[in-house]
Structure formats: structure tokens, C-alpha cells
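Visitor: I would like to learn how to read this structure feature by feature. Where do we begin?

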Amino acid sequence: MEKGSVYIHVPFCVQKCAYCDFYSLAGMSDSMAGYVDALCREIWMQAARFGEIRAETVYIGGGTPSLLEGKDISRILSVLRECMELSPACEITMEGNPGTLREAALEEYRKAGVNRFSLGVQSFSDCLLRTLGRIHTAAQAAEAVRMLRRAGFSNVNLDIMYGLPGQTESSFLETVGTALTMSPEHLSCYSLIPEEGTEMGRRVFSGEVQLPQEEVLLRMEEEMRGLLKQNGYERYEVSNYALAGKECRHNLVYWECEPYLGLGPGAHSDFGGRRFSHPANLRGWMQAINKKELFEEPEDDGSPEKRRFDRMMMGLRMVRGVDLNRFVRDFGRRPEEIWPDTVREMRRLSMIRDELGSTRSVELSNLSTDEETMPNDQNAATSELDPTRSDRMQSPGPDKEERLALTEKGMDVMNAWLVRMMEEEEKG
Ligand code: SF4
């Protein structure tokens with residue numbers, strides 16, 4: 001039996017937001033019925049290909065899945081249940097845009113089995129929503145949350161963006177404050193990354209609009225984290241915060257590099273030991289599926305080198321970090337043996353910490369030879385700042401979980417460390 005998670009990509013939107021580089025199509029609602037037929041066919045085809053599949057989580061993302069009718073979601077989930085086993089506690093998330101929610105449809109989604117809803121709020125400022133090209137107002141977003149609660153959703157995520165052109169620190173904190181009054185179980189807070197090929201990218205790169213300065217951005221992040229912490233939201237990933245026990249299990253699958261099967265055009269998969277994707281081409285995907293052909297291409301070589309780098313890259317996004325026992329089991333060596341210079345430097349600068357079990361638990365022993373050979377000022381810095389080196393830790397017992405994680409400071413500059421790891425790997 002193949003175990004994993006299922007991702008379904010719904011590529012339809014009412015209009016393209018200015019910053020969006022996801023695969024999504026505006027003005028294609030005529031194709032939705034054909035899409036649902038093809039998707040159901042694809043579920044059958046993939047189930048026949050992989051045999052028995054057990055899914056712990058399902059994520060219906062996009063695009064704007066809330067453009068689909070309740071009967072569509074109900075049909076898709078029924079076909080999934082016919083073709084694979086959904087675990088009794090299966091987390092089934094659906095994304096929605098506040099400008100498209102309908103009360104009756106929400107109830108149908110929930111009755112069909114959707115038990116987590118992720119709402120793309122982005123901001124509670126009408127002016128910034130217009131800048132982003134969103135189709136809804138702040139009042140509609142607030143009403144959407146109330147509709148979700150009335151429809152019985154008790155696990156709701158709100159997506160929020162910061163670092164927007166014209167956004168001040170106080171307007172961002174007002175958005176966070178408004179979000180908190182709605183008591184969502186989960187908050188995803190992303191800074192705007194202007195992408196080439198988007199309207200926002202064009203405006204930013206041409207100098208037509210300016211993004212907030214780096215210091216302002218850092219202050220926004222710091223204030224936001226403080227506010228969320230005070231209200232009981234724990235940061236568990238670079239951009240994600242949740243009340244206790246409400247972390248998104250589906251996204252944890254990606255960050256832990258566990259298997260997932262992607263369905264629909266533009267979806268990616270790492271399943272059955274292979275990485276592959278469906279090209280972002282609705283028409284091509286529908287034509288192929290209707291001819292009973294799978295429409296996919298291999299994604300990368302899936303080599304151990306690529307997989308172990310990805311395990312670090314994704315794992316370090318999580319506050320709990322990388323599971324070292326699993327890493328050694330899968331790749332034969334510890335990260336410090338593969339990237340010795342980078343990991344040593346990260347430790348020296350207190351960018352990384354080691355953990356035993358689920359809580360920070362460190363046994364100190366003698367200084368390592370590494371430290372003895374370091375220059376004096378570095379020795380001082382290390383002893384003062386880095387009480388968690390793995391070479392001072394007692395070996396974990398066979399059942400003890402051992403993890404390698406970034407400190408908050410390390411998370412802020414994670415990308416720079418990943419680049420160094422990549423360069424070290426290339427140098428061999
Ligand atoms: S609603 Fe979401 S997927 Fe659709 S265009 Fe906007 S950001 Fe992109």
C-alpha cells in the first residue's frame with residue numbers, strides 16, 4: 001500500500017491578482033464541468049496505477065476551489081473515497097477566495113467532508129486589496145469568516161500578506177489585529193515577493209511602486225510575531241502560526257518530504273518513489289485524460305544528493321527542524337558530515353540548534369576539538385552563544401527523536417545558508 005497525501009489543483013479564478021504566479025486562469029468558468037469530469041477520471045487512473053493508496057491528508061488548492069459547486073466537491077471526494085482509503089482522521093482542506101463564498105455551498109463542502117478551510121484574506125485594508133488586484137473588500141473577507149463559522153467550520157486558516165507597496169507598519173498590524181478578533185485556528189503570513197511576469201513584478205521592477213524598506217519589514221515581522229505569540233499562536237514554520245494542535249498537517253507533509261500525489265493541471269507529485277508533474281496546461285491535461293493517457297513529465301532525477309538537500313531545505317523551514325534519525329537512515333550520514341563547513345559555521349553563529357525529544361534538551365560535556373582549534377574570539381562567541389552543539393550531546397537512545405533546527409535568527413537568513421550548502425556540495 002502506498003501511503004501519502006493528495007493535492008488537487010483547481011486552476012480557475014475570477015481574475016488574476018497582480019502578484020500571482022500560480023497556475024490559475026481567469027474567465028474559464030465554462031471549462032469547470034469538463035475539468036471535474038477529467039479530474040474524477042484521473043483519480044481512477046492514478047489509483048489503478050499505484051494500487052492501494054492510503055491518504056492522511058487531502059488539500060484542494062488553486063486557483064480558487066471555492067468557485068466549484070458543493071456537488072462538485074462532493075463528487076470529487078466520493079471518487080477519492082472509492083479509489084483510495086482516506087484515514088478516519090484525514091485532514092481535508094479547501095482553499096477559498098472571500099469574494100466567491102456562498103453559504104449553501106459552504107455547508108455542502110463541509111457535509112462532503114471538508115474539515116479545514118483556508119481563506120485568502122491578504123489584508124483588511126480596501127486600498128491594499130485594490131493594489132493587489134483582489135476581487136473582494138475587507139468587509140467581504142470578514143463576512144466570509146462569519147459564513148465559515150455559521151457553516152460549521154471549526155478549523156480555519158487566514159492568509160495574510162505584508163511588505164506591500166504603500167503598506168505602513170500600523171496598517172499591517174491593524175490587519176493582524178482584525179484577523180485575531182476572528183479567532184482563526186491558523187494564520188499564514190507571507191511577505192510579498194514580486195515575481196517576474198506578474199503585474200506587481202512589472203510595477204516594482206520599473207520603479208512605479210516601492211516596497212517598504214527592509215527595516216520596516218523586519219519591524220512588521222517582529223511586531224506581528226509578538227502579537228501572535230501573545231494571543232496563543234505558535235510559529236511552527238517560517239511563515240505559519242497555529243493554535244496548539246492546529247498546525248496544517250498537509251503542509252507538514254511537504255516540509256517533512258513525505259510522499260504526496262498531485263492531481264489536476266499544474267500539480268506536482270513525489271509519490272511511489274518518483275517525482276513528476278502535470279504541465280500547467282488545462283486543455284492539454286483534459287485532452288490527455290479523456291484519451292485515458294496520463295499527462296505528466298518527470299520533475300528531476302530524484303537523486304540522493306537532490307533528496308538530501310531538499311530534506312534540509314524543507315526541514316529547516318520548520319521550527320522543529322530536520323529529523324536526524326530519519327535523515328541518517330535515508331542518506332547514511334549526518335548533515336555535518338555532508339556539509340561540514342556550513343553546518344559548523346551555522347553552529348558557531350548560533351543559527352542552528354539541536355534538540356532531543358520534543359523539547360529542547362541538551363546534555364553538556366567537554367568542549368570539542370573544533371572549538372579548541374578556533375581563534376580565541378570565536379571560541380568565546382561559541383561558548384557564550386551556542387550551548388546546544390550536537391558534539392556535546394549524549395547519544396540519543398534508540399527511541400529518542402533527534403532534530404536539527406534553525407534558531408529564530410537562523411530562520412531569518414535561511415536562504416543564505418542553503419546557498420552555502422549548495423556551493424559546498426558542488427565543491428565536493
Ligand atoms: S485568487 Fe489566488 S490563485 Fe487566483 S489569481 Fe489571486 S492569488 Fe492567484
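**Around the ligand**

Guide: This is a predicted model. The ligand is surrounded by Cys13, Lys16, Cys17, Cys20, Phe22, Ser24, Gly62, Gly63, Thr64, Asn97 and Gly120.

Visitor: How many residues of the shell around the ligand are nonpolar, polar and charged?

Guide: Sort the shell by class. Four residues are nonpolar, six are polar and one is charged.

Visitor: On to helix packing. At what angle do H1 and H2 pack?

Guide: Look at the angle between the axes, then the distance. H1 (residues 32–50) and H2 (residues 70–83) pack at about 10°, and their axes are 9 Å apart. Angles under 35 degrees count as roughly parallel, so H1 is roughly parallel to H2. H1 contributes Val36, Leu39, Cys40, Ile43, Trp44 and Ala47 to the contact, and H2 contributes Asp72, Arg75, Ile76, Val79, Leu80 and Cys83. By class, that contact has ten nonpolar, no polar and two charged residues.

Visitor: Is Arg41 buried, exposed or partly exposed?

Guide: Count neighbours. Arg41, in helix H1, has 15 other C-beta atoms within 10 Å. A buried residue needs 20 or more and an exposed one has 12 or fewer, so Arg41 is partly exposed. Its C-alpha atom is 7.8 Å from that of Asn290, 249 residues apart along the chain.

Visitor: Which residues of helix H3 are buried?

Guide: In H3 (residues 103–112), they are Ala105, Leu106, Tyr109 and Arg110. They cover an arc of only 140° around the axis, so they sit on the same side of H3. These buried residues pack against H2, strand E5 (85–96) and helix H5 (138–150).

Visitor: What follows H3?

Guide: Gly113 does, with a positive phi near 125°.

Definitions and conventions
Residues are numbered from 1 along each chain as its sequence is written. This is a predicted model: local features need pLDDT of at least 70, side-chain atom pairs count only at pLDDT 80 or more; totals for chains, interfaces and linings use all residues. Axes are lines fitted to C-alpha atoms, for helices over the stretch in contact, and angles run from 0 to 180 degrees between N-to-C directions. Helices (H or I, at least four residues) and strands (E, at least two) are DSSP runs, numbered from the N terminus. Angles under 35 degrees count as roughly parallel, over 145 as roughly antiparallel, 65 to 115 as roughly perpendicular and the rest as oblique. Two residues are in contact if their C-beta atoms, placed from the backbone, lie within 7 Å. Ala, Val, Leu, Ile, Met, Phe, Trp, Tyr, Cys and Pro count as nonpolar, Asp, Glu, Lys and Arg as charged, and the others, Gly among them, as polar. A residue is near a molecule or strand if its C-beta atom, placed from the backbone, lies within 6 Å of it. The arc is that of the directions from the helix axis to the C-beta atoms.
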